[in-house]
Amino acid sequence: MEIIIQPDPASASALAARVIVRLLRAKPDAVLGLATGSTPLLLYRELIRLHAAGEADFSRVRTFNLDEYIGLAPEHPQSYHSFMWQNLFGHINIDPRNVRIPDGQAADVPAFCAQYEEQIRAAGGIDIQVLGIGTDGHVGFNEPSSSLASRTRIKTLTVQTRRDNARYFGSEDQVPQHVITMGVGTVMDARQCLLLAFGSAKAPAIAAAVEGPITAMNPASILQMHPTAKVLLDEPAAASLKRADYYRWVYASKPDWQRL
Ligand code: F6R
């Protein structure tokens, strides 16, 4: 794991955007795995800015989103379809035919999930997977106890996640109980993972994921087994890391060719 601690979310997000833009220059038809929620908002804003500045072309990019709430129509304001079009896709030159987001209204959820996995495979796999982390250590909506080998499937949200996400819905009761999410195994198949985490509420989950044991009780901890996972943090999210000074020193000491 490469742990990169930045002074604030904007500088961490700018680094993540640079990694993505570098990939798009090398591979214009790259496959991006995307997350929703508050964490990637600045990253998406930066990608939009780079696109407007002529530095990022999404015309051939293909995308797969991590997850979607079951029961929400794509046009529901809190659906992850709405989120993605509002916060990224609506502002870049992506071809809508290249966008995949789990269908929260799928009539046959297991069949849909198998097809989603097949579509990822047919696209050649995910080049970069953008991830946030839940306060309970979830990635995608793989809640604690998720199989670390899981594939795209239905999951039931924890009380803690529904409480965390109530801010978008008005109340906890309105947060759907079920979701479709890529599995932990699906995430781990991505050629590169970029996990972003900001704010002190994420500090315990980050400390457990980065410095704790690999355990299904903190699904993000499996990223310790990923060959190219980068964890981009602001200072408050890094506050409980015992070896923060070491990670800072490693990053500051990188040879030029390795710099982001
Ligand atoms: C969203 C997702 C979730 C979020 C996580 C953090 O697509 O997969 O794992 O990344 O719940 O959410 P925020 O960023 O809102 O704190």
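Axes are lines fitted to C-alpha atoms, for helices over the stretch in contact, and angles run from 0 to 180 degrees between N-to-C directions. The model is predicted, so local features need pLDDT of at least 70 and side-chain atom pairs count only at pLDDT 80 or more, while totals for chains, interfaces and linings use all residues. Residues are numbered from 1 along each chain as its sequence is written, and side-chain values use heavy atoms, with hydrogens and water left out.

**Exercise 1.** Describe how helix α2 packs against helix α3.

Solution. Step 1: locate the helices, which are DSSP runs of H or I with at least four residues, just as strands are runs of E with at least two, numbered from the N terminus. Helix α2 covers residues 41-52 and helix α3 covers residues 80-87. Step 2: take the geometry. The angle is about 40° and the axes lie 10 Å apart. Step 3: classify. That angle makes α2 oblique to α3; angles under 35 degrees count as roughly parallel, over 145 as roughly antiparallel, 65 to 115 as roughly perpendicular and the rest as oblique. Step 4: list the residues that meet, with contact meaning heavy atoms within 4.5 Å. From α2 come L41, Y44 and I48, and from α3 come F83, M84 and N87.

**Exercise 2.** State whether S13 is buried or exposed, and list its contacts beyond four places in sequence.

Solution. Step 1: S13 belongs to helix α1, residues 9-26. Step 2: buried means under 20% relative accessible area, exposed over 50%, and partly exposed in between (1.4 Å probe, protein chains only). S13 has 1% relative accessibility and therefore counts as buried. Step 3: leaving aside neighbours within four places, S13 is in contact with L42, L43, L196 and F198.

**Exercise 3.** Examine the salt bridge between R60 and D29 and say which parts of the chain the pair ties together.

Solution. Step 1: a salt bridge is a side-chain nitrogen of Lys or Arg within 4 Å of a carboxyl oxygen of Asp or Glu. The N to O distance for R60 and D29 is 4.0 Å. Step 2: R60 lies in the loop between α2 and β3 (62-65) and D29 in the loop between α1 and β2 (31-34), so the pair ties together parts that are 31 residues apart in sequence. Step 3: R60 is partly exposed at 47% relative accessible area, and D29 is partly exposed at 26%.

**Exercise 4.** Locate S145 and describe its phi.

Solution. Step 1: S145 is in the loop between β6 (128-131) and β7 (153-156). Step 2: phi of S145 is near 90°, a positive value in a residue other than glycine.
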